[in-house]
Amino acid sequence: MWMTDLPPFVPFFIAALLALITRGRVRNLIVLATPVLGGLHLWLDVSPNIVTTVSILEYELILMRADRLSLLFGYIFHIAAFIAAIFALHVRDTTQTVSGLLYAGSALGAIFAGDLITLFIFWELMAISSVFLVWARHSERAIRSGMRYLVMQVSSGMLLLAGALLHYDQTGSLAFDFIGLQGIGSWLIFLAFGIKCAFPLLHSWLIDAYPEATPTGTVFLSVFTTKTAVYALARGYPGTELLVYIGAVMTCFPIFYAVIENDLRRVLAYSLINQLGFMVCGIGIGTALALNGTVAHAFSHILYKALLFMSMGAVLYRAGTIKASDLGGLYKSMPKTAALCIVGACSISAFPLFSGFVSKSMIMAAMIEEGYDYLWLVLLFASAGVLHHAGIKVPYFAFFTHDSGIRTQEAPLNMLIAMSIAAALCIFIGLQPLYLYALLPWEVEYWPYEMTHVLSQMQLLFFAALAFVWLNKIGLHPPETHAVNIDADWLYRKLMPDTARSVYGFLKQTGHRIEDTFDSTLKDAAKSMISTRLGRFNLAASWPTGSMAFWLAVILGLFLLADAMN
Amino acid sequence: MNQPDQKQHLFDNPRNVSLVIRSLYIVCILLFLLDFILDRHVTNEWDGTRGFYALFGLIAYIIIVLAAIQWRKLVERKEDYYDVDD
């Protein structure tokens with residue numbers, strides 16, 4: 001179709017430029033055609049082992065390195081960009097359209113980057129282009145939140161650059177292949193990836209900014225940044241055991257926040273970290289089955305997470321709020337959105353016949369194979385948590401529970417189409433996993449629909465649902481309330497500003513005190529000076545600046561004169 | 001946006017709600033019994049025990065909710081917590 005070696009980010013960047021100067025239908029056509037044509041280009045023209053380079057001065061940037069790993073991420077990014085574009089088709093905001101295209105393009109640039117400098121360039125472009133999707137909300141909260149997001153994202157880039165240079169110093173190579181944890185450079189790169197992958201304590205930008213973005217912007221955000229980080233970790237650090245433990249923590253801690261969080265898009269943001277945890281575990285295990293599981297899970301996760309964010313975006317768009325405490329009974333006015341949301345909920349909960357089931361189980365199986373029995377229990381525990389917050393809480397509180405009295409319209413047609421495509425893909429992958437498995441980077445035999453596995457998963461999920469019904473009946477289920485829950489962002493949103501303020505206040509006060517002490521001492525000294533005999537001379541007067549300068553000039557002049565004469 | 005709504009919806013009728021809940025009970029009982037009928041293959045030291053997954057799901061869910069209630073006491077703040085400076 002196009003030149004074989006055309007890097008996949010190029011069409012998106014050109015489209016962003018065109019979107020800047022077009023309006024209406026022409027622009028819609030550009031926005032929709034770009035991911036379709038780009039995706040077809042990737043599917044038809046680009047085969048593994050294609051490398052495109054460009055030389056700048058002495059340095060050779062590898063703009064495209066296609067192999068089965070990067071290609072699979074390339075495919076799903078195109079599909080997601082297409083779905084998100086349809087979902088945002090009603091938006092008449094040039095900023096959002098352009099930044100959406102640039103963001104998707106940058107993510108593709110990062111995925112296909114063959115060296116660390118190219119990766120760094122796209123890593124930072126992703127940060128800068130995506131923040132406008134948060135700022136486009138135009139609220140004070142969104143602008144502040146976006147600023148915090150930008151600081152974290154750009155820091156990640158800085159760490160990546162510093163790490164890449166140190167890594168080069170150590171190994172003499174900037175190639176973006178297996179890096180492994182050896183030497184300070186590789187640790188810095190690991191940390192850079194860790195920020196974007198929302199490692200524990202580095203995760204707060206995600207739960208801070210994603211729920212503040214526009215209803216359509218969050219869909220874009222949920223797809224690209226974190227999954228690019230998953231790809232980067234899978235490329236650079238497969239088999240790094242530390243990742244298994246990091247991943248296990250990531251699957252668990254968000255579920256407690258998700259239970260008590262009121263903002264349903266923030267619940268989904270926590271759930272996003274939980275899902276990333278499964279992928280990070282898979283990377284840490286590092287066997288072919290585990291890595292295939294990670295990639296497959298990233299693929300299906302992008303679709304159902306986008307679907308869930310779209311359904312909540314539609315609710316926010318129509319009902320004007322996304323607080324669980326204010327919602328309820330929306331299935332009466334938005335039945336289609338409710339049904340589509342339930343498909344996403346079933347997929348993320350990994351019900352058999354839905355996409356999450358066929359991908360997550362590969363990671364779980366790999367854990368058992370490699371002897372991580374206790375961590376497997378942790379992940380099983382986290383799976384019950386997923387059912388709680390994403391499987392039950394999100395659809396239940398938005399569309400069912402007590403009737404909030406909100407009566408609105410069904411989501412706009414473009415939103416319904418986008419959600420339907422995502423839902424159809426979720427079910428298709430669940431029913432026909434072989435098509436996804438055939439695309440996976442490594443050759444492994446795996447089949448999820450085995451009787452024992454299906455039965456055990458059904459038991460886990462249905463009995464967890466039973467617990468929900470029971471807790472609800474006896475009134476133990478925590479009510480949704482208007483509140484915020486402090487998380488790691490408390491460090492820089494509260495502790496650091498408050499500490500800075502009190503330190504500043506203390507220093508200011510101390511400064512005043514010192515000033516006062518000096519002033520009074522000096523005044524006393526001056527007084528006693530005047531009262532002595534010397535006080536009668538002119539130079540002892542208390543306005544010495546002018547005369548002092550004069551006499552200094554005289555003395556200096558004399559010195560110069562003396563010097564010149566010598 | 002808020003017009004009076006006279007239409008009877010699916011779950012306005014309590015019979016439909018209890019139908020859903022009862023079906024859940026039945027499915028749970030069936031799934032639990034299947035564990036004793038079907039010959040399942042064991043992958044690790046725990047899941048050979050009959051009813052392991054069912055009990056695990058039930059207990060895990062309850063632990064998650066109860067722990068989250070305690071967690072809430074620790075981390076919950078007023079909604080404008082970050083908007084006001086002390």
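User: Where does A:Asn49 lie?

Analyst: A:Asn49 lies in the loop between α2 (24-45) and β1 (50-56) of chain A. Those names are DSSP runs (helices: H or I, at least four residues; strands: E, at least two), numbered from the N terminus. Heads-up: this is a predicted model, where local features need pLDDT of at least 70, side-chain atom pairs count only at pLDDT 80 or more, and totals for chains, interfaces and linings use all residues. Residues are numbered from 1 along each chain as its sequence is written, while chains are lettered from A and ligands numbered from 1 in the order in which they are written.

User: How do you know whether A:Asn49 is buried or exposed?

Analyst: Count C-beta atoms, placed from the backbone, within 10 Å of the residue's own: 20 or more others means buried, 12 or fewer exposed, and in between partly exposed. A:Asn49 has 9, so it counts as exposed.

User: And what does A:Leu353 count as?

Analyst: A:Leu353 has 14 C-beta neighbours inside 10 Å, so it counts as partly exposed. You'll find it in the loop between α13 (335-348) and α14 (355-369) of chain A.

User: What makes something a nonpolar core?

Analyst: It's a set of buried Ala, Val, Leu, Ile, Met, Phe, Trp, Tyr and Cys residues joined through C-beta atoms within 7 Å. The largest one here has 209 residues, and A:Ala306, A:Leu307 and A:Ala464 touch the most other members. Helix α12 (residues 288-319) of chain A gives the most to this core, with 20 residues.

User: How many residues does the contact take from each chain?

Analyst: It takes 46 residues from chain A and 43 from chain B, contact meaning that two C-beta atoms, placed from the backbone, lie within 7 Å. On the chain A side, α18(A) gives the most, with 17 residues.

User: What makes β3(A) and β1(B) paired strands?

Analyst: Pairing takes at least two DSSP bridges. Two bridges join β3(A) to β1 (residues 76-77) of chain B, so the antiparallel strands pair. In β1(B), B:Glu76 is the bridge partner of A:Asn485.
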